[in-house]
Amino acid sequence: MFKVLFKKENQLKSLIFEYMQTLKLSQESFLNALQACLLNGVLCENFNFYIKQTHKHESRADDIHDEINNLMYSKTLIPESRGDILGLLEALDTIPDLFEHILYMIQTQRLTIPVAFVPKTKELVAVSLECCELVALQVEALLQHPDKIREHMAVIDTKESLCDHIERHIIADIFADTIDPHAKLQLKELIEAIGDISDRADQVSKRINIISLKRRV
Amino acid sequence: MLPLLGGLFLGWSLGANDAANIFGTAVTSRMIRFWKAAVLAAVFVIAGAIISGQAGINTLKGLTQLTLEQAVISSVAAALTVTAMTVVGLPVSTSQSMVGAIIGIGIINQQVNYAGLGKVAACWVGTPLGALVIALVLYHILGYGYNRLNLNLFQSDAVIRTLMVLAGMYGAYALGANNVANVIAVFVGAGMIDADTAAGIGGGSIALGILTFSRPVMETVGKKLVRLDPYSALIVVLAVGATIHFYSLVGVPVSSSQAVIGAVLGAGLVRGVNTVRRKTLYHILAGWLLTPLVACCLTLVIHFAIHLRYTP
């Protein structure tokens with residue numbers, strides 16, 4: 001009976017899950033692209049293919065975001081919940097945007113990561129994407145089991161600090177190396193952008209926590 | 001039927017104004033469509049008036065003895081007071097306006113039931129205070145249960161929306177039960193109609209006001225209440241309903257607008273937030289003192305004007 005009464009809400013919930021699924025696909029394409037880049041260099045065929053895939057998923061996420069907006073303003077949810085969900089989606093949107101930005105940076109600037117920095121860069125990417133996965137779990141918790149939210153937030157916070165630590169190390173190593181100074185600046189920018197993924201995930205995580213706290217009396 | 005027109009107009013304006021205190025938040029925030037809210041409010045106002053409206057009618061008709069002419073004068077004076085105060089922009093209570101008008105008649109007749117008047121005045125003071133206390137208590141008790149449920153975003157949203165509509169229905173019932181006396185009690189006192197018929201007619205006129213003219217007021221008042229968080233808004237609506245329901249059991253018509261202010265203050269106190277500006281409080285105080293006074297004076301003036309005789 002409740003499913004009939006709250007039909008639009010259920011539709012909205014499904015759209016949010018679809019949005020999260022699209023973000024996950026975008027994240028997978030991003031990882032594949034980076035792996036292709038780290039293993040095979042910039043202009044390999046796979047890299048370009050994964051850029052297109054990442055863009056496609058990011059674009060699909062935007063479309064779902066628009067659908068969610070339209071549905072929410074057709075008398076679904078109370079204004080506070082609408083505002084919270086819109087804010088959350090906008091914050092989440094910044095993550096696939098960053099994926100695309102990083103890949104375009106590598107493509108347009110023809111960046112290659114010197115072998116010496118590859119292991120730590122891979123570690124930075126892995127931990128950053130773990131933060132994104134945890135954010136997805138946190139969104140699921142917000143929509144289903146809110147008791148897990150703080151637990152996920154604490155882990156994301158720890159991982160974000162670890163990312164900052166790895167980022168600093170890589171940058172220090174880059175400037176200690178003898179590579180071309182221009183290349184050093186380009187790599188620094190790239191590493192900072194990758195490090196930014198965990199920062200954004202952390203921001204989304206804190207926002208989810210606030211959304212949950214607002215529903216406590 | 002003609003003598004009833006003043007009372008019916010008063011009922012219509014009461015419905016148009018006071019439904020906002022009950023369903024304004026839910027309608028403005030689009031939790032419920034206006035027409036659904038209006039129909040629910042109209043149905044429950046009539047139900048409240050018919051089932052529980054007699055106590056208030058007995059209190060008001062007992063304040064003084066009225067003739068039919070005096071009943072018409074008092075209802076017209078009360079309706080004019082409500083209109084004048086609304087035009088001036090002061091918060092106005094139909095209950096205070098009606099009681100002021102009846103006191104005017106009592107002065108003319110040199111017969112005022114001071115014990116009954118004392119009870120009514122005490123309830124006026126008790127309305128915002130009572131709503132404040134009820135809001136404080138409800139906030140904590142319901143909050144405890146709400147927290148224990150550990151609801152997710154969608155569940156929390158659904159619970160608040162459902163409770164808001166149920167609270168609105170309860171509030172509308174209480175409004176009908178409490179305020180029908182303002183509309184029609186003087187005509188019962190004058191012996192024109194019996195209490196049961198009066199409750200039906202009075203409830204009907206309030207319902208008509210809700211159905212025809214409450215939308216703009218709902219949108220204005222509702223926007224002010226929407227600034228509260230959804231849980232606090234729910235508590236305010238529930239506290240208003242409970243407060244006016246309590247006074248309808250006591251048999252004293254009170255102001256739902258004053259109850260709203262008390263409840264908003266109460267919800268704000270829990271969170272340590274100043275939800276009502278000092279200027280608003282002064283306005284309410286001014287309206288509180290002026291409404292019965294103006295209605296009483298208007299009654300005396302109308303009575304005097306009607307009984308003027310030209311002597312060449």
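Predicted model: local features only at pLDDT ≥ 70, side-chain atom pairs only at ≥ 80, totals over all residues.
Student: Which residues lie nearest the centre of the largest cavity?

Tutor: Its lining is made of 16 residues, and those nearest the centre are Lys214(A), Arg215(A), Tyr146(B), Pro230(B) and Tyr231(B).

Student: And which helices supply at least two residues each to that lining?

Tutor: From chain A there is helix H4 (79–108), and from chain B there are helix H6 (114–149), helix H7 (153–189) and helix H9 (230–250). H7(B) gives the most, with three residues.

Student: What is the lining of the largest cavity like by class?

Tutor: Seven of the residues are nonpolar, two are polar and seven are charged.

Student: What about the second largest cavity, which residues line that one?

Tutor: The residues around the second largest cavity are Ile16(A), Ile85(A), Leu88(A), Leu89(A), Val139(A), Leu142(A) and Leu143(A). By class, this lining has seven nonpolar residues, with no polar and no charged ones, and H4 and helix H5 (118–143) of chain A each supply at least two of its residues.

Student: Back to chain A's H4 for a moment: is Asp84(A) buried or exposed?

Tutor: Asp84(A), which has its place in helix H4 of chain A, counts as buried because its relative accessibility is 9%, and the cut-off for buried is under 20%.

Student: Which side chain does the side chain of Asp84(A) make a polar contact with?

Tutor: The partner is the side chain of Arg215(A), at 3.0 Å. Leaving out residues up to four places away in sequence, Asp84(A) touches Ile211(A), Lys214(A) and Arg215(A); of these, Lys214(A) and Arg215(A) are also among the residues nearest the centre of the largest cavity.

Student: Changing topic, which residues touch the most other members in the largest nonpolar core?

Tutor: That core has 93 residues, and the ones touching the most other members are Phe23(B), Ile57(B), Leu60(B), Val99(B), Ile184(B), Val236(B) and Val240(B). H7(B) gives the most to this core, with 16 residues. There is also a second, separate core of 69 residues, which includes Ile51(A), Phe99(A), Ile211(A) and Leu153(B).

Student: What is Ile184(B) in contact with, leaving aside neighbours within four places in sequence?

Tutor: Ile184(B) is in contact with Leu4(B), Ile57(B), Ile193(B), Ala198(B), Ala199(B), Ile201(B) and Gly202(B).

Student: Where is Ile194(A) found, and what does it touch?

Tutor: Ile194(A) is in helix H7 (residues 181–213) of chain A, and, not counting residues up to four places away in sequence, it touches Ile102(A), Thr121(A), Leu124(A), Val125(A) and Ser128(A). Ile194(A) counts as buried because its relative accessibility is 0%. From C-alpha to C-alpha, Ile194(A) and Leu98(A) are 8.3 Å apart in space, although 96 residues apart in sequence.

Student: Last one: why does Ser248(B) count as buried?

Tutor: Ser248(B) counts as buried because its relative accessibility is 4%. This serine, Ser248(B), is found in helix H9 of chain B, and beyond residues up to four places away in sequence Ser248(B) touches Ser52(B), Ala55(B), Ala177(B) and Asn178(B).

Terms used
Residues numbered from 1 in each chain as written. Chains lettered and ligands numbered in written order. Heavy atoms only, no water. 1 Å grid on protein atoms, 1.4 Å probe; cavity = no way out; pocket = protein on both sides within 12 Å on 5 of 7 lines; lining within 4 Å. Helix = DSSP H or I, 4+ residues; strand = E, 2+ residues; numbered from the N terminus. Nonpolar A, V, L, I, M, F, W, Y, C, P; charged D, E, K, R; others polar. Core = buried A, V, L, I, M, F, W, Y, C linked by side-chain atoms within 4.5 Å. Buried < 20%, exposed > 50% of the residue type's maximum accessible area, 1.4 Å probe, protein only. Contact = heavy atoms within 4.5 Å. Polar contact = N/O pair within 3.5 Å; in protein donor to acceptor, adjacent residues only side chain to side chain.
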